[in-house]
Amino acid sequence: MNLLLHICCACCLCAPLNGLRKEGFLVTGLFYNPNIHPLLEFRKRIKALRVFQESDPISVIYHEEYGVREYLRNVNYEANNRCSDCYAMRLKFTALYAKKNGFDAFTSTMLFSTYQDHEQLKTISENVSKEYEIGFVYRDYRHLSECSHEMAKKKMIYRQGYCGCIFSEYERYKDTTRELYKGSVKR
Ligand code: SF4
Ligand code: SF4
């Protein structure tokens, strides 16, 4: 079965990719993540996936256009459902791409992460699958998450410190002051 795998970075990919292959899926990756900000972080994650490809022959379709406007258009960031809008934006794009380009089904590395809302991702994917009449492969590889991140570490692949959007960056670092005033503190 030809499977289109939405990938948001290389970290959750390493171990589950082997699992999918063992199951017999022919996996092609799709990098489509308008939610990753700012620009230099977006580029780092693309580069990380390219570094991963140096040791693994997975073919990946890249959408390299920086999508901050697209994200802000599609996501109601002032409400509490920011992540569900963000999931839907990426999963719809993936499903449509799969449908238009002859894939049998789609899935996403987001489902392999212990940090994402797994049940919400599953429900949105199932709905999108029905709406676009394209198969959805549901797998729960969260138990491989640690192993996957260890593999990424060994391969010296860049590992991000926050989910992706400017809001998640703020939430991750707002309480940290480490080195903020380095060099400017008088003792
Ligand atoms: S869920 Fe997070 S860590 Fe996992 S692949 Fe996506 S961005 Fe990377
Ligand atoms: S926290 Fe992550 S999933 Fe939620 S809106 Fe931001 S980038 Fe998207």
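How do the residues of the shell around ligand 1 divide into nonpolar, polar and charged?

1. The shell around ligand 1 holds six nonpolar, four polar and no charged residues; here Ala, Val, Leu, Ile, Met, Phe, Trp, Tyr, Cys and Pro count as nonpolar, Asp, Glu, Lys and Arg as charged, and the others, Gly among them, as polar. The residues around this ligand are C8, C9, C11, C12, T109, M110, S113, Q116, C163 and G164, where a residue is taken as near a molecule if its C-beta atom, placed from the backbone, lies within 6 Å of it.

2. Before going further, please keep in mind that this is a predicted model, in which local features need pLDDT of at least 70 and side-chain atom pairs count only at pLDDT 80 or more, while totals for chains, interfaces and linings use all residues. Residues are numbered from 1 along each chain as its sequence is written, and chains are lettered from A and ligands numbered from 1 in the order in which they are written.

3. Around ligand 2 lie N35, R82, C83, C86, C163, G164, C165, F167 and S168, which divide into five nonpolar, three polar and one charged. Helix 4 (82-100) and helix 7 (166-173) each contribute at least two residues to this shell, and the largest share, three residues, comes from helix 4; helices (H or I, at least four residues) and strands (E, at least two) are DSSP runs, numbered from the N terminus.

4. The protein chain has seven helices and five strands, arranged along the sequence in the pattern β-α-β-α-β-α-α-β-α-β-α-α. Its radius of gyration is 17 Å, close to the 16 Å that the globule rule gives for 187 residues, so the chain is as compact as a globular protein of that length; the radius is taken over C-alpha atoms, and the rule is 2.2 Å times the number of residues to the power 0.38.

5. The five strands form an open sheet with parallel pairing, in the order 3-2-1-4-5, two strands being paired if DSSP finds at least two bridges between them. Strand 3 (59-62) and strand 5 (135-136) stand at the edges with a single partner strand each, so one side of each has no neighbour in the sheet. Strand 1 (residues 2-6) and strand 2 (residues 26-31) are joined in the parallel sense by five bridges, and L5 has G29 of strand 2 as its bridge partner.

6. Leaving out residues up to four places away in sequence, T28 touches L4, L5, S59 and I61, a contact being two C-beta atoms, placed from the backbone, within 7 Å.

7. In the largest nonpolar core, which has 45 residues, L3, L4, A10, L13 and F106 touch the most other members; such a core is a set of buried Ala, Val, Leu, Ile, Met, Phe, Trp, Tyr and Cys residues joined through C-beta atoms within 7 Å. Helix 4 gives the most to this core, with seven residues. Beyond its neighbours within four places in sequence, F106 is in contact with L4, H6, T94, A95, A98, I134 and F136.

Technical notes: A residue is buried if 20 or more other C-beta atoms lie within 10 Å of its own, exposed if 12 or fewer, and partly exposed in between; C-beta atoms are placed from the backbone.
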